Amino acid sequence: MGKPTGFKEIARQDRTYAPVADRIIHYNEFVIPMSEENVSQQGARCMDCGIPFCHNGCPVNNIIPDWNDLVYRGDWRAAIDVLHSTNNFPEFTGRICPAPCEAACTLNLDDEPVTIKTIEYSIIEKAWSEGWVKPQIADHKSGKRIAVVGSGPAGMAAAQQLARAGHAVVLYEKQNRIGGLLRYGIPDFKLDKKVIDRRMAQMRTEGVEFKTSIHIGVDIPGKQLMDDFDAILLTGGSEKPRDLPIPGRELNGVHFAMDFLRSNSHRVQGDKVDNFISAEGKHVVVIGGGDTGSDCIGTSNRHGAASVTQLEILPKPPEKEHKGTTWPDWPNKMRTSSSQEEGCERMWQIATKAFLDDGEGNLAGVRCIKVEWEKDESGAWKMSEVADSEFEIKADLVTLAMGFVHPVHEGMLEELGVELDGRGNVKASTDGGSAYKTSIDGVYAAGDMRRGQSLVVWAIREGRQAARAVDEYLMGTTDLPRW
């Protein structure tokens with residue numbers, strides 16, 4: 001597998017970024033690809049480790065050692081077949097996945113994992129350029145009709161799998177374009193939307209019908225779908241944002257992160273935006289230290305913000321994880337995103353107490369307090385405020401990037417009456433014959449709407465598995481892959 005001594009002879013190499021000064025003046029992707037020769041060398045570093053922990057690290061169970069070896073040997077055509085066997089959209093994951101596979105790589109014990117994400121990206125981009133990505137049109141049609149509600153990665157993956165199984169699939173999206181948060185939640189500088197469009201062209205040829213600007217539960221009753229289709233798959237995501245109900249929350253200038261990002265993405269993609277949220281010339285405070293917060297930072301810098309400050313309530317992570325207690329699991333360690341590199345002040349163990357009024361209903365600043373974390377007698381972490389540690393930060397714009405609590409219940413979910421779990425997600429297990437089934441016969445759920453806020457790669461996995469469950473429900477058997 002690869003070159004047996006490759007990991008000793010070849011140093012880890014990865015893609016690089018365009019200089020900050022060059023990239024923050026536009027919304028284009030700025031990752032600089034590696035040459036095929038260099039990618040092939042990186043594939044040679046895969047060490048035939050016996051137990052490929054990268055498989056378990058990858059939610060879609062990518063057969064990573066196999067396509068690493070094929071790239072090393074120059075058989076890119078076979079590599080894309082292996083890659084596509086588990087992942088419908090490696091062009092998405094090759095751009096925006098945090099690569100838990102690399103954290104699980106045996107070579108990560110020495111902090112030198114195989115550059116799996118870059119190899120994946122390189123395989124699919126070469127496949128597109130060579131014309132190897134072709135529509136896979138079903139030989140026979142089943143006569144069954146399926147509605148997929150929500151066109152994010154879970155919905156797209158499920159729709160493609162079901163169409164390839166011979167079903168008539170209609171994919172509904174409430175926004176004006178297909179893609180869900182891939183389209184409007186992830187900035188264009190991280191994911192060029194032409195990447196979505198070219199995959200849609202393949203899916204359309206395979207028989208998927210796309211219907212946009214249709215909000216199920218608002219424009220069309222959910223129960224109408226039950227009359228019109230043989231099965232329904234709910235893949236609407238987890239869109240209810242976590243709020244911060246403190247004094248001043250109503251002030252002009254305090255926005256949910258997704259409203260800020262969606263506003264910008266619509267404009268970048270050529271749509272007219274009536275209430276555009278601009279960070280130009282403003283002092284921006286981003287509350288939340290995750291990926292969405294990073295996207296707010298990158299977007300604010302491209303707007304020309306006067307300053308950007310990111311607040312995180314949790315402690316600053318360690319610079320390096322303890323391999324003996326974390327590997328091959330995803331480690332808690334200090335990470336700096338490309339957007340954070342572009343310029344922001346990062347502050348840890350900070351809680352927000354109030355948004356400050358300029359006297360005219362507009363945001364003028366943020367009142368904060370330092371916090372500390374200690375374990376109580378039961379071993380659970382407990383937060384407490386540090387006495388006399390309050391301070392204020394000047395702010396004209398705040399984005400709340402604290403994650404999402406569950407799918408929106410009002411509308412479709414309440415109308416259908418599907419059972420929810422304790423966290424407010426649509427209840428549907430992944431076990432046995434009841435996989436992805438909701439409490440309503442013929443109605444299935446997958447992705448963030450079922451599991452809660454998660455990664456794109458998890459959404460793809462769930463979409464694929466849910467498609468298999470729906471196919472088996474309709475036909476009594478299925479040839480769709482288990483993973």
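Select helix H3 (residues 36-44) and helix H5 (residues 64-72), where Val 39, Ser 40, Gly 43 and Ala 44 in H3 meet Asn 68, Val 71 and Tyr 72 in H5, a meeting or contact being defined by heavy atoms within 4.5 Å. The residues of this contact divide into four nonpolar, three polar and no charged, where Ala, Val, Leu, Ile, Met, Phe, Trp, Tyr, Cys and Pro count as nonpolar, Asp, Glu, Lys and Arg as charged, and the others, Gly among them, as polar. What you have open is a predicted model, in which local features need pLDDT of at least 70 and side-chain atom pairs count only at pLDDT 80 or more, while totals for chains, interfaces and linings use all residues. Residues are numbered from 1 along each chain as its sequence is written, and side-chain values use heavy atoms, with hydrogens and water left out. The helices (H or I, at least four residues) and strands (E, at least two) are DSSP runs, numbered from the N terminus.

Stay with H3 and H5 and turn the view until both axes can be seen. Two packed helices are described by the angle between their axes and the distance between the axes. The axes of H3 and H5 come within 7 Å and cross at roughly 135°, the axes being lines fitted to C-alpha atoms, for helices over the stretch in contact, with angles that run from 0 to 180 degrees between N-to-C directions. H3 and H5 are therefore oblique to each other, given that angles under 35 degrees count as roughly parallel, over 145 as roughly antiparallel, 65 to 115 as roughly perpendicular and the rest as oblique. H3 passes H5 in a left-handed crossing, a term used if the near helix is turned anticlockwise from the far one by less than a right angle, with right-handed if clockwise.

Next, select helix H10 (residues 153-164), whose twelve residues reach 17 Å from the first C-alpha to the last, close to the 16 Å expected at 1.5 Å a residue; the expected span is 1.5 Å times one less than the number of residues. Eleven of the twelve residues of H10 are buried, so this helix is largely enclosed by the rest of the structure, where buried means under 20% relative accessible area, exposed over 50%, and partly exposed in between (1.4 Å probe, protein chains only). Among the buried residues of H10 are Pro 153, Met 156, Gln 160 and Leu 162. H10 is followed by Gly 166, whose phi is positive, near 100°.

Now move to helix H14 (residues 257-268) and helix H15 (residues 291-303), which pack at an angle of about 45°, with their axes 10 Å apart. That angle makes H14 oblique to H15, and their crossing is left-handed. To see where they meet, select Ala 257, Met 258, Phe 260, Leu 261 and Asn 264 in H14 together with Thr 292, Asp 295, Cys 296, Thr 299, Ser 300 and His 303 in H15. By class, this contact has five nonpolar, five polar and one charged residues.

Keep H15 selected and show its surroundings. Twelve of the 13 residues of H15 are buried, so H15 is largely enclosed by the rest of the structure. Its buried residues pack against helix H2 (20-23), H14, strand S9 (283-287), strand S10 (307-312), helix H17 (338-341) and strand S16 (397-400). Within H15, pick His 303, which counts as buried because its relative accessibility is 11%. Not counting residues up to four places away in sequence, His 303 touches several residues, including Tyr 27, Phe 260, Asn 264 and Phe 276. Just after H15, Gly 304 takes a positive phi of about 95°.

In the loop between helix H16 (323-326) and H17, find Pro 328, which is joined to Trp 327 by a cis peptide bond with omega about 5°. In the loop between strand S11 (345-348) and strand S12 (350-357), select Gln 349, a residue other than glycine with a positive phi, near 55°; at 26% relative accessibility, Gln 349 counts as partly exposed. In the loop between helix H18 (412-416) and strand S18 (443-445), select Tyr 436, another residue other than glycine with a positive phi, near 65°; at 2% relative accessibility, Tyr 436 counts as buried.

Finish at Glu 374 in strand S13 (residues 363-375). Leaving aside its neighbours within four places in sequence, Glu 374 is in contact with Ala 380, Trp 381 and Lys 382.
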